[in-house]
Amino acid sequence: MSTDTTASVSTHILDTSLGRPAAAVPVQLSARSGAGEFVDLGGSQTDADGRCKDLPALPVGTTHVRLDFATETYFLTRNEQKAEAQQDAPANRDSGAFFPEVAITFAVVPGEHYHVPLLLNPFGYSVYRGS
């Protein structure tokens, strides 16, 4: 939870090719202050609802946060969860991970909560600041 001196971060992942949450995706959280180097704070893994509910707290003075999503293993192990066939879809659309990892870096200010959802599919992704 954020305080007057720190920000807080949460995330979830939706696999848009399946229309389902992406479970068991490892997520690493790093932070830095100013122009310094990123420091790894630890990580979590998405639950059955695609959410990380236990990301580490951010240290006082954090100005930038990076979320690293390890997506390759997720795509390689979800073979049994194929999306419905689509007339215009490439035959190999579910063949693996074009993006083996997704790294999202964003600025934070103390006292704010940042929910950063990842909308994911084998050949693209999108993120936004949620609520």
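Trainee: Is Phe75 buried or exposed?

Mentor: Start from the cut-offs: buried means under 20% relative accessible area, exposed means over 50%, and partly exposed is in between, with a 1.4 Å probe and protein chains only. Phe75 has a relative accessible area of 3%, so Phe75 is buried. Tyr74, at 7%, is buried as well. Over the chain, 37% of the 131 residues count as buried.

Trainee: What should I keep in mind about the origin of these values?

Mentor: This is a predicted model, in which local features need pLDDT of at least 70 and side-chain atom pairs count only at pLDDT 80 or more, while totals for chains, interfaces and linings use all residues. Residues are numbered from 1 along each chain as its sequence is written, and side-chain values use heavy atoms, with hydrogens and water left out.

Trainee: How is a pair of aromatic rings described?

Mentor: By the distance of the centres and the angle of the planes. Rings of Phe, Tyr and Trp (its six-membered ring) pair if their centres lie within 6.5 Å; planes under 30 degrees apart count as stacked, over 60 as edge-to-face and the rest as tilted. The structure holds five such pairs. In one of them, Tyr74 and Phe75 are edge-to-face, at 5.3 Å centre to centre with 65° between the planes. Phe98 and Phe123 form a tilted pair, at 6.3 Å and 40°.

Trainee: Where do Phe98 and Phe123 lie?

Mentor: Phe98 is in the loop between α1 and β7, and Phe123 is in the loop between β9 and β10 (124–127), so their pair ties together parts 25 residues apart in sequence. Phe98 is exposed at 55%, and Phe123 is partly exposed at 41%.

Trainee: How do I read the element names, and what pattern does the chain follow?

Mentor: Helices (H or I, at least four residues) and strands (E, at least two) are DSSP runs, numbered from the N terminus. The chain has one helix and ten strands, in the order β-β-β-β-β-β-α-β-β-β-β.

Trainee: Which residues touch the most other members of the largest nonpolar core?

Mentor: In soluble globular proteins, nonpolar side chains tend to be buried together. A nonpolar core is a set of buried Ala, Val, Leu, Ile, Met, Phe, Trp, Tyr and Cys residues joined through side-chain atoms within 4.5 Å. The largest one has 25 residues, and Val9, Leu67, Phe69 and Phe106 touch the most other members. Elements giving two or more residues to this core include β1 (8–15), β6 (64–69) and α1 (72–77). Contact means heavy atoms within 4.5 Å. Leaving aside neighbours within four places in sequence, the contacts of Val9 include Leu29, Leu67, Phe106 and Tyr114.

Trainee: Which way do β3 and β4 run relative to each other?

Mentor: Two strands pair if DSSP finds at least two bridges between them. Here six bridges join β3 to β4 (residues 39–45), and the two run antiparallel. Val27 has Ser44 of β4 as its bridge partner. Six residues separate the strands of this hairpin, where Gly34 takes a positive phi near 65°.

Trainee: What surrounds Thr62?

Mentor: Thr62 is in the loop between β5 (51–52) and β6. Its relative accessibility is 9%, so Thr62 counts as buried. Not counting residues up to four places away in sequence, Thr62 touches Ala31, Arg32 and Val108.
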